[in-house]
Amino acid sequence: MVRLTDYVTSGGCACKIGPHILNRVLKSVTPVTNEHILADMTGADDAGVYKISDTLALVQTLDFFTPMVNDPILFGKIAAANALSDVYAMGGTPLTAMNIVGFPVPLVEQGVLTDVLNGAGSIVAESGAAIVGGHSIENKEPIFGMSVTGQVNPNRIWKNKGAQVGDVLILTKRIGTGIMNNALKGDLFTAGTEQAVTSMSTLNRVGAEVAHNFTIHACTDVTGFSLMGHSVEMASASDVTIHIKAYDIPLFDDVIEAAQMGLVPAASYGNRKAITDVQVDQNLDPVWTDILFDPQTSGGLLFSVPASEVINWLRPYTNLALTVLVLLVLLKVSVA
Amino acid sequence: MSNTNELTVDVRGSLCPKPVIETKKVSDANPVAVITTIVDNEVSRDNVEKFGKSRGYGVAIRKMVRISTSL
């Protein structure tokens, strides 16, 4: 049984390049854009959006990383769910996906890549999109991800910007995958790690479909920059302050204990350094800082919605699995 | 006390979560001991410190300085 995480030599935690480093780089890069662009990286949005007509816009996004789980099929599933998520986060529907592959040839020959591709394929199939191609290179460390194209109505794009005072935030998946992926590498905390793996390989499709029935002021998906990082993106784009009660944050089992034990990914420390517009209550146990800045892999959708509609989300959907509509975390959004 | 276990865990070159996991293995096998974990980055240092405290150990952090000479 191959243990994919054993093949990860650099980074180990599959972390993105730190946001503070990346921001510095992007500041020196000349933007290339035109009048058809409805969304891009300048607004810290989740995907690029290109207007084709008054009723149709293309959504474009990509994601790839090194393995955070050992099982190749699961790795493929998680990578696909993660890549597709950004399309859902813009209010769109995925249409096509392409494989991005870097793999050591010995692993390919053992059939590991086949499993990864089939795992990813099963999730793409679930989303209704098609896989139309891909590209691969030989690489010492396994890397996998997808480039995804989707569609959205240009008048119904969900953006990071638009959260309003008095809104409530809804988060559709639990928090703690960074910490639990570390636990997984050490074969610790089976309850929490199983929940985390199931969550990571779950599409955000159902959460998005439920959300389309309601008023959405702002939406983002919670991924590598942590709940804090993505909340800050939403808060600063919307020019509001977001208050989160730590104890209301839905966590996987064992997250607190695992974090207290020091199973905190390097990216969590990196996020803390890079994300400066956050004030953490000094009375909170320090473990909360580790959890708040924990990088999420294939995390949930974070919606800012009118408080009056919140009860409507819960009422018809209480029979849905918990991973679809989890907790009402958020709190008040008020003017900064 | 001469009968206190003194154990060393050298995880230089390892990245998270190996330092904690290796230290935990040693601690699980020898709960009453003086365990010295040698790390080479701050993240590992902070994580191993957390681990030690979570297990009720007194934790001290010492910086090691490497000196090399050449002609």
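Predicted model: local features only at pLDDT ≥ 70, side-chain atom pairs only at ≥ 80, totals over all residues.
Figure 1. Helix α5 spans residues 177–185 of chain A and is mostly covered, with nine of its nine residues buried. The buried set runs from A:T177, A:G178 and A:I179 through A:M180, A:N181 and A:N182 to A:A183, A:L184 and A:K185. After α5(A) comes A:D187, which has a positive phi near 55 degrees.

**Figure 2. Aromatic ring pairs, with A:W158 and A:F303 in close-up.** Over all chains, the count of aromatic pairs comes to four. In the pair formed by A:W158 and A:F303, the ring centres are 5.2 Å apart and the planes stand at 90 degrees, so the pair is classed as edge-to-face. A:W158 belongs to the loop between β6 (143–152) and β7 (168–171) of chain A, whereas A:F303 belongs to strand β10 (residues 301–305) of chain A; the pair therefore ties together parts that are 145 residues apart in sequence. Both A:W158 and A:F303 are buried. Elsewhere, A:F65, A:F75 and A:F144 are linked into a cluster by ring pairs.

**Figure 3. The contact between chain A and chain B.** Chain A contributes 19 residues to the contact and chain B contributes 12 residues. The two chains bury about 1200 Å² between them, and 66% of this area is on carbon and sulfur atoms. On the chain A side, the residues that lose the most area to chain B are A:M261, A:G262 and A:Y269, which together account for 42% of what that side buries.

Figure 4. Is A:Q282 buried or exposed? Its relative accessibility is 78%, so A:Q282 counts as exposed. A:A307 is 25 residues from A:Q282 along the chain, and the C-alpha atoms of the two residues are separated by 28 Å.

**Figure 5. Chain B, with its elements in order.** Chain B has two helices and two strands, which run β-α-β-α from the N terminus on. Taken along the principal axes, its C-alpha atoms fill a box of roughly 45 × 30 × 15 Å. Chain B has 71 residues, of which 28% are buried. Its accessible surface comes to about 5100 Å², with 51% belonging to carbon and sulfur atoms. Among contacts in chain B between residues at least 6 apart in sequence, those that join residues at least 24 apart make up 68%. The chain carries 11 positive and 8 negative side chains, and the centres of these two sets lie 1 Å apart.

Figure 6. Chain A contains 12 helices and 11 strands. It has 336 residues, and 53% of them count as buried. The chain exposes about 14700 Å², of which carbon and sulfur atoms supply 54%. Among contacts in chain A between residues at least 6 apart in sequence, 84% join residues at least 24 apart.

Definitions and conventions: Residues numbered from 1 in each chain as written. Chains lettered and ligands numbered in written order. Heavy atoms only, no water. Buried < 20%, exposed > 50% of the residue type's maximum accessible area, 1.4 Å probe, protein only. Helix = DSSP H or I, 4+ residues; strand = E, 2+ residues; numbered from the N terminus. Phe/Tyr/Trp six-rings, centres within 6.5 Å; stacked < 30°, edge-to-face > 60°. Contact = heavy atoms within 4.5 Å. Areas by Shrake-Rupley, 256 points an atom, 1.4 Å probe, with all protein chains shown as cover. Lys, Arg positive; Asp, Glu negative; His and termini not counted. Charge placed at Lys NZ, Arg CZ, Asp CG, Glu CD. Buried area = accessible area lost by both parts, 1.4 Å probe.
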